[in-house]
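The structure is shown first.

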Amino acid sequence: MNEIALRDHTPVRDPACQVLCREIQDRIDAGSCRLVDLLDEDARDDPSLSIFQAHRDGTLWTRQYVGFLEYRDTRIIISSRFDRTRHFYLRRLLENFLGEALLALDGLTGALNQGFFDQLLTASFALQVQRAWTKGPLRAYRSFPRNDSHVRGVIDVPRHIRENLGLHNGRAAYRTRAYSLDNPWNVLLLQAAAAARKRNPALIRRLEGRLPEFRAALGSLALEVPGWERPQAGQVLDRTRRRIENPVFREWEPARRTARALLARMASDPFADSGTAAVTGVFLNMDRLWELLLEDALFRGAADGDIAQNSFTALGGQMGMIIKPDFYFPSCRTVLDAKNRPAWGETFTLTKRFPTGKAEQRRQRRVRSAVRDDAYQVLTYMLALDCSAGGVVFPMSMSGQSVPAPARSYVRDGRTFWRIPVGIPEAEDYGTFCRVLREQFDALRRSDPVRELLRPDGPLGR
């Protein structure tokens with residue numbers, strides 16, 4: 001299989017690769033795909049992800065996803081633009097998201113491969129089962145055929161005639177309905193875990209050791225669901241297409257979606273007879289991972305407590321709309337958004353006068369076009385929430401140079417827009433990388449406007 005290496009938020013320069021990537025995105029848009037976004041909070045099946053985007057000048061760029069996809073005889077691996085040979089930035093984001101004990105992330109060196117993302121898929125499945133099992137096992141309302149003398153349901157006359165007529169055995173054939181653990185979704189969970197165990201037994205043993213509820217769930221379900229290993233993987237996937245919509249068991253929906261992806265990937269090609277060339281892959285949304293890192297490393301100890309990803313109603317009445325800023329600090333009348341676009345770092349190099357060179361003119365138009373929608377979004381948040389300050393927080397490569405300090409721009413009526421860069425270092429070892437990145441966050445926590453958002457008695461106030 002041919003392999004192509006790309007990075008997030010970068011142009012696809014090879015002409016042949018551009019043609020292939022456009023074809024892949026067309027297949028995804030048409031719904032011929034089996035993709036998993038490991039951070040998809042809506043837990044959609046086969047989300048139509050926009051992996052590649054064509055710009056107005058005709059160039060094709062990757063977007064915010066890191067992961068791999070397979071199409072026909074080609075595998076494309078997309079890694080972070082901040083990682084060259086050692087994936088320190090991705091490792092730091094994943095440790096913040098997963099916890100460093102779940103996966104052996106210390107081996108994350110060299111080129112990324114499909115196996116690493118399959119391990120992430122397995123770890124996500126285990127975390128989702130662990131989380132859902134604490135709320136209670138997954139039961140479904142099912143109909144069971146019975147044939148005994150203790151009738152507790154509806155008589156099945158044709159089956160009773162077929163099985164009991166003339167025998168005078170005191171039995172009656174009937175059907176009973178009840179919420180049961182013996183249902184297709186639990187069969188799916190068990191088969192997905194078994195397929196992952198067969199592919200990577202050491203990882204499953206590690207996850208069972210670190211996640212006791214995950215281990216307990218697999219053990220209990222194996223006892224309560226007899227014959228779970230008998231159905232073919234394709235049959236199980238076909239029976240579990242329907243979402244889990246019962247509000248009592250909604251916690252199990254993410255596990256159902258991930259289990260389907262896990263079984264489809266690791267079972268013996270259950271879609272071999274589908275007759276279509278589908279795009280398959282597993283992805284991480286780097287925008288979301290960046291938000292989670294900022295929440296923990298930069299805004300921990302904020303005066304407003306729960307500040308992340310809250311929804312608010314704007315405009316009201318018939319024009320009501322829901323806005324969801326990344327970080328909102330009502331007591332300070334400040335709203336900030338996490339942005340991962342590289343163009344925000346380039347805004348520090350824009351000249352006030354219109355440049356003379358055509359290449360520089362094109363670059364500046366591209367940068368301004370790339371950040372314009374983000375700026376409008378934050379300004380909308382400021383207006384809707386009556387904030388006097390707003391801005392964006394974004395990563396940018398240090399590359400041996402000093403990172404600019406947060407820059408403010410005055411909008412009007414006393415409102416301020418902030419550009420807050422976080423330098424992503426280049427280092428020879430992971431310890432040095434984490435130390436320099438932590439120093440970046442500490443410096444920001446002491447500077448405007450971040451220090452005004454933290455508790456006076458927090459880590460920096462004491």
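What percentage of the 462 residues of the chain count as buried?

## Overview

Of the 462 residues, 49% count as buried, where buried means under 20% relative accessible area, exposed over 50% and partly exposed in between (1.4 Å probe, protein chains only). This is a predicted model, in which local features need pLDDT of at least 70 and side-chain atom pairs count only at pLDDT 80 or more, while totals for chains, interfaces and linings use all residues. Residues are numbered from 1 along each chain as its sequence is written, and side-chain values use heavy atoms, with hydrogens and water left out.

The chain contains 13 helices and 17 strands; these are DSSP runs numbered from the N terminus (helices H or I, at least four residues; strands E, at least two). Among contacts (heavy atoms within 4.5 Å) between residues at least 6 apart in sequence, 71% join residues at least 24 apart.

## Packing of α2 and α3

Helix α2 (residues 88-98) packs against helix α3 (residues 114-133) at an angle of about 15°, and their axes are 12 Å apart. Axes are lines fitted to C-alpha atoms, for helices over the stretch in contact, and angles run from 0 to 180 degrees between N-to-C directions. The two helices α2 and α3 are therefore roughly parallel to each other; angles under 35 degrees count as roughly parallel, over 145 as roughly antiparallel, 65 to 115 as roughly perpendicular and the rest as oblique.

The crossing of α2 and α3 is left-handed, meaning that the near helix is turned anticlockwise from the far one by less than a right angle (right-handed if clockwise). Leu90, Leu94 and Leu98 of α2 meet Phe116, Leu120 and Leu127 of α3 in this contact. By class, the contact of α2 with α3 holds six nonpolar, no polar and no charged residues. Here Ala, Val, Leu, Ile, Met, Phe, Trp, Tyr, Cys and Pro count as nonpolar, Asp, Glu, Lys and Arg as charged, and the others, Gly among them, as polar.

## Packing of α5 and α7

The axes of helix α5 (residues 184-199) and helix α7 (residues 212-224) come within 10 Å and cross at roughly 120°. Helices α5 and α7 are therefore oblique to each other, and their crossing is left-handed. The contact involves Asn186, Leu189, Leu190, Ala193 and Arg197 of α5 together with Leu218, Leu221 and Ala222 of α7. Its residues divide into six nonpolar, one polar and one charged.

Trp228 lies in the loop between α7 and α8 (233-239). Leaving aside neighbours within four places in sequence, Trp228 is in contact with Val187, Leu190, Gln191, Ala194 and Ala222.

## Arg265

Arg265 belongs to helix α9 (residues 253-266) and is buried, with a relative accessible area of 19%. Its side chain makes a polar contact with the side chain of Asp118 at 2.8 Å. A polar contact is a pair of N or O atoms within 3.5 Å; within protein, one must be able to donate a hydrogen and the other to accept it, and residues adjacent in sequence count only if both atoms are side-chain atoms.

## Backbone features

Most residues other than glycine have a negative phi, and most peptide bonds are trans. His9, in the loop between β1 (2-7) and α1 (15-29), has a positive phi of about 55° and is buried at 12% relative accessible area. Arg72, in the loop between β5 (65-71) and β6 (74-79), has a positive phi near 55° and counts as exposed at 57% relative accessibility.

A cis peptide bond, with omega about 0°, joins Asp448 and Pro449. Pro449 is placed in the segment after α13 (430-445).
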